[in-house]
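Subject: Handing over a structure

Hi,

Here is the structure I promised to pass along.

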Amino acid sequence: FLSNLTLAALFRMRRRSVLLWGFGFHVKMGIGYRNKASATLARATGLVKDAIARRVDGYLAYTDRGAEALRLAGVPDDRIWVIRNTIDIAEQCELHDRLADADEAALRRELGLKPDSVVFLFLGRLVEATRAEEAIEAVIRLNEEARTRHPVELVVIGGGPKQAELASRYAGRPGILLRGRIPEEETVARYMRVASALLLPGYVGLAVNHAFAHGLPVITRRHELHSPEVEYIEDGRSGLIIDGDFRAFVSELAGLADDPGRLQRLAAGALEAREGLRLESMVTRFDEAVTATIGRQRSGPAWRRKSETDRRAAGA
């Protein structure tokens, strides 16, 4: 953002330190990669971002992958902090704990779900990147081909540009419940209480944190659409990141739906993982980064120190 560059320049003039907070790497998706010219521009922008990252006083990276990318770009290790980007999941954890002993059969009746189905949940914006239709088509195929011992139901919660299109194509299809946007957090939590997993074939971001707060494993596919938070999914422990094409995705879902023991183990892993994603932990790491950076201010910001070093080298 130009505003970031402007502010950084102003801080440099005032001899103040600068921290960046972001992914730490450049996402290879979206409008910047649709043709050769824009891809070239995006790569050039990435080089500029790397150069800026090397000259500031520190970088708050979302995840370990970002930290590694920064090291490869030449950012010193003592200027990198991994903060594990999150949201305040305290309220979601409380909702989960409050519903832990709820009567599942009663909840299923209330929510319009079958008593013996395996329930998958899609929760997120209905846009191209989230690929909600892949989740829907997968569940339709499971039921039409009788791939599982029990029926499979998919609850789709969310609104967005594709909502009307998905409603026209899939409304009334067996096993597909299109609920639209649900603003009441407790209602969403009730669906999460009866669901076996969060099914997100496309873009995965902070929905992982939301799901883990409820002990809900996240099932997705391996591709370049994901945000850094996909790293929180330990494949086979707190969720699944499925390789291969759509048929492989459907086959993996079929096996998962027929293995309640595996679903329970993944749920236990998701519940355990939430403890490392509480906001307090991120705040502590943020504070450590700021405190360490302030401690270096006596010697001046990194880009001023570099200028002075360059001048001394030139004089020598």
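A word on terms before the notes: helices here are DSSP runs of H or I with at least four residues, numbered from the N terminus. Please also keep in mind that this is a predicted model.

With that in place, helix α8 covers residues 185-194 and holds both R190 and E186, which sit four residues apart, about one turn of the helix. The two form a salt bridge, with 3.7 Å between their closest N and O atoms. E186 has a relative accessible area of 35%, so it counts as partly exposed.

That pair is part of a longer list. Searching the whole structure gives 25 salt bridges.

How accessible are the two partners? R221 is buried because its relative accessibility is 11%, under the 20% cut-off for that class. E134 is buried too, at 17%.

Then there is E275 with R274, another salt bridge between side chains, at 3.2 Å from N to O. E275 is partly exposed, with 42% relative accessibility, whereas R274 is buried, with a relative accessible area of 7%.

Which residues make up the negative surface patch? They are D88, E91, E94, E185 and E280. Of these, E94 can be found in helix α4, which spans residues 90-99.

Last, the serine. S238 lies in the loop that runs between β8 (218-221) and β9 (239-242). Is S238 buried or exposed? Its relative accessible area is 1%, so S238 is buried. The side chain of S238 reaches the backbone nitrogen of E234, at 3.0 Å.

That is everything in my notes for now.

Best wishes

Definitions and conventions
Residues are numbered from 1 along each chain as its sequence is written. This is a predicted model: local features need pLDDT of at least 70, side-chain atom pairs count only at pLDDT 80 or more; totals for chains, interfaces and linings use all residues. Side-chain values use heavy atoms; hydrogens and water are left out. Patches are made of residues with over 30% relative accessible area and no salt bridge: like charges are joined within 9 Å, nonpolar side chains (Val, Leu, Ile, Met, Phe, Trp, Tyr) within 5 Å. Accessible areas come from the Shrake-Rupley method with a 1.4 Å probe; for residues, only the protein chains shown count as cover. A salt bridge is a side-chain nitrogen of Lys or Arg within 4 Å of a carboxyl oxygen of Asp or Glu. Lys and Arg count as positive and Asp and Glu as negative; His and the chain ends are not counted. The place of a charge is taken as NZ of Lys, CZ of Arg, CG of Asp or CD of Glu. Helices (H or I, at least four residues) and strands (E, at least two) are DSSP runs, numbered from the N terminus. Buried means under 20% relative accessible area, exposed over 50%, partly exposed in between (1.4 Å probe, protein chains only). A polar contact is a pair of N or O atoms within 3.5 Å; within protein, one must be able to donate a hydrogen and the other to accept it, and residues adjacent in sequence count only if both atoms are side-chain atoms.
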